Amino acid sequence: MEYKDYYKSLGVEKTASAAEIKKAFRKLAMKYHPDKNKGNKSAEDKFKEINEANEVLSDSAKRKKYDELGTNYQNYQQSGGDRGQGFDWSQYANPAGGGGQQSYSFSGDFEDIFGASGHSDFFETLFGGSFGGAQKKKRGGGRSVQSRGQDYQAEMDITLEEAYSGTTKVFKHDGQSIKLNVKPGIPDGHLLKIPGKGSAGRGGGQAGDLLIKINILKHSVFERRWDDLYADLNVDLFTALLGGKVQFKTLKGTIKIDIAKESEFGKTLRLQKLGMPKYGLANESGDMYLKLNIQMPKNLSAKEISLLKEIQKLKS
């Protein structure tokens, strides 16, 4: 069999400590996990390779045997030296409501790799908490499967004004009324997580979460781009020509805006700190951008027409 350099697979030296091996494996596992590299066969193969390497190097007895046998280790393993102790790639699960996503399972010790909970915050955030299927030993040598419950997903609509100021909503779920505190500046599509309100876990496992996607309704005046707000500012022709002040209603209240003389159609004014509050950051906001929409006068009187003709003569 072809020799596999497990140290090279994990990118560590042969003198690496157990902690260094564990750290290297966790970093590579997050990079090459198939759920993060869908359809990427090379990433899946790399993921298998680093798990195989970790399976040996994280076990002091196996590592010692690997170091002793060197290039003969794979032959030793194939002949049955480690039979029954490897990892199982045949276990796949399609979580309910998961849209056919596959979730890889291990027979290794997840507690060593991802902590006592059996999974890390990184995988819970990235893969919806479905990563893994940690097993715990029963007394007497038996094994029982313990798995986390699936997450439930729902959606809730709010107005741009509510997203700007923050709001409190009551969400109905499974006959319960759940009070949601929406912070100012919440982004469109943001997920609010309600821990423990998903399906029950198996074998005493942790319950899943309720994930509520926030949809911000389209506004009649403002367009939101990240933390900035964009809108048109209607200005009459004479104010655009001569300069002056125009009132404009923002989400914070009505303000007066200075218009410079001889302002051109389409000119954009930037109003600092009048955009959306930055989510989770106190006293910080985006900006507001107003594009001048110069409006032509209508229903002119005879005197107004006469004066405009006089101006036309002067300009020509």
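Hi everyone, let's start with a meeting of two helices: Glu-55, Val-56 and Leu-57 in α3 touch Lys-62, Arg-63 and Tyr-66 in α4, where contact means heavy atoms within 4.5 Å. By class, this contact holds three nonpolar, no polar and three charged residues. Here Ala, Val, Leu, Ile, Met, Phe, Trp, Tyr, Cys and Pro count as nonpolar, Asp, Glu, Lys and Arg as charged, and the others, Gly among them, as polar.

A quick word on the model: it is predicted, so local features need pLDDT of at least 70 and side-chain atom pairs count only at pLDDT 80 or more, while totals for chains, interfaces and linings use all residues. Residues are numbered from 1 along each chain as its sequence is written, and side-chain values use heavy atoms, with hydrogens and water left out.

Back to our helices. Helix α3 covers residues 41–57 and helix α4 residues 60–69, and they pack at an angle of about 100° with their axes 6 Å apart. That makes α3 roughly perpendicular to α4, a label for angles of 65 to 115 degrees. Axes are lines fitted to C-alpha atoms, for helices over the stretch in contact, and angles run from 0 to 180 degrees between N-to-C directions. Helices (H or I, at least four residues) and strands (E, at least two) are DSSP runs, numbered from the N terminus.

Now for the sheets. Strands of a sheet pair through backbone hydrogen bonds, either parallel or antiparallel. Two strands count as paired if DSSP finds at least two bridges between them.

Strands β11 (residues 228–236) and β15 (residues 288–295) run parallel, joined by eight bridges. You can find Asp-236 opposite Gln-295 in β15.

Another open sheet has three strands, ordered β5-β9-β8, again with mixed pairing. At its edges are β5 (152–158) and β8 (191–194). Four bridges join β8 to β9 (residues 210–216), and these two run antiparallel. Lys-193 stands opposite Leu-211 in β9.

Ala-163 and Pro-184 are 21 residues apart in sequence, and their C-alpha atoms are 5.6 Å apart in space. Beyond its neighbours within four places in sequence, Ala-163 contacts residues including Ile-158, Ile-216 and Met-276.

How values were computed
Parallel < 35°, antiparallel > 145°, perpendicular 65-115°, else oblique.
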